[in-house]
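Here is a quick walk through one protein chain, written for someone who would rather look at side chains than at tables. Have the viewer open as you read.

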Amino acid sequence: MPDSKMTDEQILNALRSCGDHIAICDGCPYYGLSDCSLRAKRDIISRFEQLKAENEALNSKLSQSQPLPCKIGDIVYTVTFCFGDGFAANGECISKSGYFMQKIEVTERNLYRICELFRTQKAYFTPEAAKLRLKELSNFGLPFELQGDGE
């Protein structure tokens, strides 16, 4: 079937008014033709079939997608590398960089960032799993520290 000649707004107007003897035909591409209702019907069917196919394709993609690894309100433990350059209270310059474990609550604001950390194996549901990852990193000679109520 050829692409619809009617816009979505024209299709909605046709559905509301075509054939009721008080049709509002302003802007209809078939206005004045003897078979205008039949042409409009063909456009409506074509558009419906197109939207149905798009909906099926989106539902197919959605069914193949993976669920998020965590949800809002979960407590997770992240392992990240931080640079900790600064000054001590006595004015001495200190530099303390390395891997840190932090306890974080998943919020609406950080949900997708935390999901990305799970994907890259930098977030865990238990402190034990995060500590195990810190231990693995320390085997490579990288400094680490527990931070932010790491339990």
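The notes below go from the overall layout to confidence, and then to a few side chains.

## Overall layout

Keep in mind that this is a predicted model. The protein chain has 151 residues, and its secondary structure comes to four helices and six strands.

About burial: 24% of the residues in the protein chain count as buried. The protein chain exposes about 11,100 Å², with carbon and sulfur atoms supplying 55% of that area. Take the contacts in the protein chain with a separation of 6 or more, and 62% of them link residues 24 or more positions apart.

## How confident is the model?

Mean pLDDT for the protein chain is 79, and 74% of its residues reach 70 or more. Among the elements, strand S5 (residues 123–124) has the highest mean pLDDT, at 94. The lowest mean belongs to strand S6 (residues 144–146), at 53. Over residues 147–151 the pLDDT is below 50, though in the model this stretch still has 16 contacts beyond near neighbours in sequence.

You'll find it in strand S1 (residues 75–82). Is Thr78 buried or exposed? Its relative accessibility is 2%, so Thr78 counts as buried, the cut-off being under 20%.

What is Thr78 in contact with, leaving aside its neighbours within four places in sequence? The list runs Phe100, Met101, Gln102, Ile104, Ile114, Leu117, Lys122 and Ala123.

## One aromatic pair

The count of aromatic pairs comes to one. It is made by Phe118 and Phe125, whose ring centres are 4.8 Å apart and whose planes sit at 35°, so the pair is tilted. Stacked would need planes under 30 degrees apart, and edge-to-face over 60.

The two partners can be told apart by burial. Phe118, at 15% relative accessibility, counts as buried, whereas Phe125, at 43%, counts as partly exposed.

## Salt bridges

Searching the whole structure turns up five salt bridges. Let's look at some of them. Asp35 and Arg39 form one, with their closest N and O atoms 2.9 Å apart. Asp35 counts as partly exposed at 27% relative accessibility, and Arg39 is partly exposed too, with a relative accessible area of 32%.

In helix H3 (residues 111–119), Arg119 and Glu116 are three residues apart, which means about one helical turn separates them. They form a salt bridge whose closest N and O atoms are 2.6 Å apart. Arg119 counts as exposed at 61% relative accessibility, while Glu116 is partly exposed at 37%. Helix H4 (residues 127–138) holds Arg133 and Glu136, again three residues apart and so separated by about one helical turn. Their side chains meet in a salt bridge (3.0 Å, N to O). Arg133 is partly exposed, with a relative accessible area of 28%, and Glu136 is partly exposed at 35%.

Key
Residues numbered from 1 in each chain as written. Predicted model: local features only at pLDDT ≥ 70, side-chain atom pairs only at ≥ 80, totals over all residues. Heavy atoms only, no water. Helix = DSSP H or I, 4+ residues; strand = E, 2+ residues; numbered from the N terminus. Buried < 20%, exposed > 50% of the residue type's maximum accessible area, 1.4 Å probe, protein only. Contact = heavy atoms within 4.5 Å. Areas by Shrake-Rupley, 256 points an atom, 1.4 Å probe, with all protein chains shown as cover. pLDDT = per-residue confidence, 0-100. Phe/Tyr/Trp six-rings, centres within 6.5 Å; stacked < 30°, edge-to-face > 60°. Salt bridge = Lys/Arg side-chain N within 4 Å of Asp/Glu carboxyl O.
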